[in-house]
Amino acid sequence: MSIMDGGNQSLVSEFVLLGLAHSQNIQALLFMMFLMLYLLIVSGNIVIMVLITFDPHLHSPMYFLLANLSFVDMWLSSVTTPKMITDFFRENKTISFAGCMCQVFFAHCIAAGEMVLLVVMAYDRYVAICKPLHYFTIMNLKRCTGLVLTSWTIGIVHALSHLVVIVELPFCSPKEIDSFFCDMPLVIKLACMDSHNLDILMYADCGVVGVTCFILLLISYTYILITVHQSSKAGASKALSTCTAHITVVMIFFVPCIFIYVWPLNITWLDKFLAVFYSVFTPLLNPAIYTLRNKEMKNAMKRFINTYRDFQGKS
């Protein structure tokens, strides 16, 4: 990697985000839309965490992992969405160097952690369906907690591997990022050096986490679907419904991430759409998919509403 002529090189204090649109009318429309979506994301995931925490019927390994997924989803969206929303009414959409590095770190930390967590959830379903008699012995609270901590550890290590490289890069003017947040591939493009080797390093790093998790998920759900196919219709129907929800979540999260960080298409408008999809729509769809397709969650919601009504009636 050779550093280019340092004429334009300077110490960077901030970057300029070009955002999603330039028209004031479109930005006003996007502001209202993403504000509503973000409020739904936060409230929806908080509701899931509250229900699972306080309803004894949901104190099982699957719901413990689901509560952790809701926590991760809420923060995945919070890394970029609030900044994007406030920027719609700002003429100068700038972000400090420190803020930019924080976005890079937390976006990759949380995304990688969620990938590993989805693998853990697939393993949980594998044990529940393929080894039902040993389920509560294998998926005890200690092991579930350890697996969740492992997902966070992998996420932190993955994010740090990016941060230690990008924070030392020399950047050149103009320091414009054609997106609504500091996305790793776009920040690398601003470096005053040949970024080809850096791109390969980033794709390899993301590929190790993303592709490995995706392959493990495919193997897990293949085993599960084969087992379900061989099972009785009564048990198979419930298991298939749960697995369908899990597979849907996996696809809507992994596909955008793979096309941004592992197999990039380098089409600006498509990259923006995919970034919005995995940072806004995935955290929004997850609670909807798990609650609308899950009988236990719907019953827990009814019990929570009835308890709240009874409390209000007594007061």
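**Reading helices and contacts in a predicted model**

Reader: What does UniProt list for residues 105–123?

Author: The unreviewed UniProt entry gives residues 105–123 as a "transmembrane region". In the model, residues 144–167 are 96% helix and 0% strand, with 34 Å between the end C-alpha atoms.

Reader: How are two packed helices described?

Author: Two values are used, namely the angle between the axes and the distance between them. Here, helix H6 (residues 141–166) packs with helix H8 (residues 196–230) at an angle of about 170°, and their axes are 10 Å apart.

Reader: Are H6 and H8 roughly parallel or roughly antiparallel to each other?

Author: An angle over 145 degrees counts as roughly antiparallel. H6 and H8 are therefore roughly antiparallel to each other. On the H6 side, the contact is made by His158, Ser161, His162 and Val165. H8 contributes Leu198, Leu201, Met202, Asp205, Cys206 and Val209.

Reader: How many residues of the contact of H6 with H8 are nonpolar, polar and charged?

Author: The contact of H6 with H8 comprises 6 nonpolar residues, 3 polar residues and 1 charged residue.

Reader: Is valine 165 buried, partly exposed or exposed?

Author: The reading rests on relative accessible area, where partly exposed lies between the limits of under 20% for buried and over 50% for exposed. Valine 165, in helix H6, has a value of 25% and is therefore partly exposed. Beyond residues up to four places away in sequence, valine 165 touches Leu198 and Leu201. The C-alpha atoms of valine 165 and methionine 202 are separated by 9.7 Å, although these residues are 37 residues apart along the chain.

Reader: Where is glutamine 27 placed, and is glutamine 27 buried or exposed?

Author: Glutamine 27 belongs to helix H1 (residues 24–54). Its relative accessible area is 3%, so glutamine 27 is buried.

Reader: Which residues is glutamine 27 in contact with, leaving aside its neighbours within four places in sequence?

Author: With those neighbours left aside, glutamine 27 is in contact with Ala21, His22, Asp87, Phe88 and Lys93. For His22 there is also a polar pair to consider: a polar atom of the glutamine 27 side chain lies 3.3 Å from the backbone oxygen of histidine 22.

Note on methods:
Residues numbered from 1 in each chain as written. Predicted model: local features only at pLDDT ≥ 70, side-chain atom pairs only at ≥ 80, totals over all residues. Heavy atoms only, no water. Helix = DSSP H or I, 4+ residues; strand = E, 2+ residues; numbered from the N terminus. Buried < 20%, exposed > 50% of the residue type's maximum accessible area, 1.4 Å probe, protein only. Polar contact = N/O pair within 3.5 Å; in protein donor to acceptor, adjacent residues only side chain to side chain. Contact = heavy atoms within 4.5 Å. UniProt positions renumbered as here; feature names shortened; annotations may be inferred. Axes fitted to C-alpha atoms, helices over the stretch in contact; angles between N-to-C directions. Parallel < 35°, antiparallel > 145°, perpendicular 65-115°, else oblique. Nonpolar A, V, L, I, M, F, W, Y, C, P; charged D, E, K, R; others polar.
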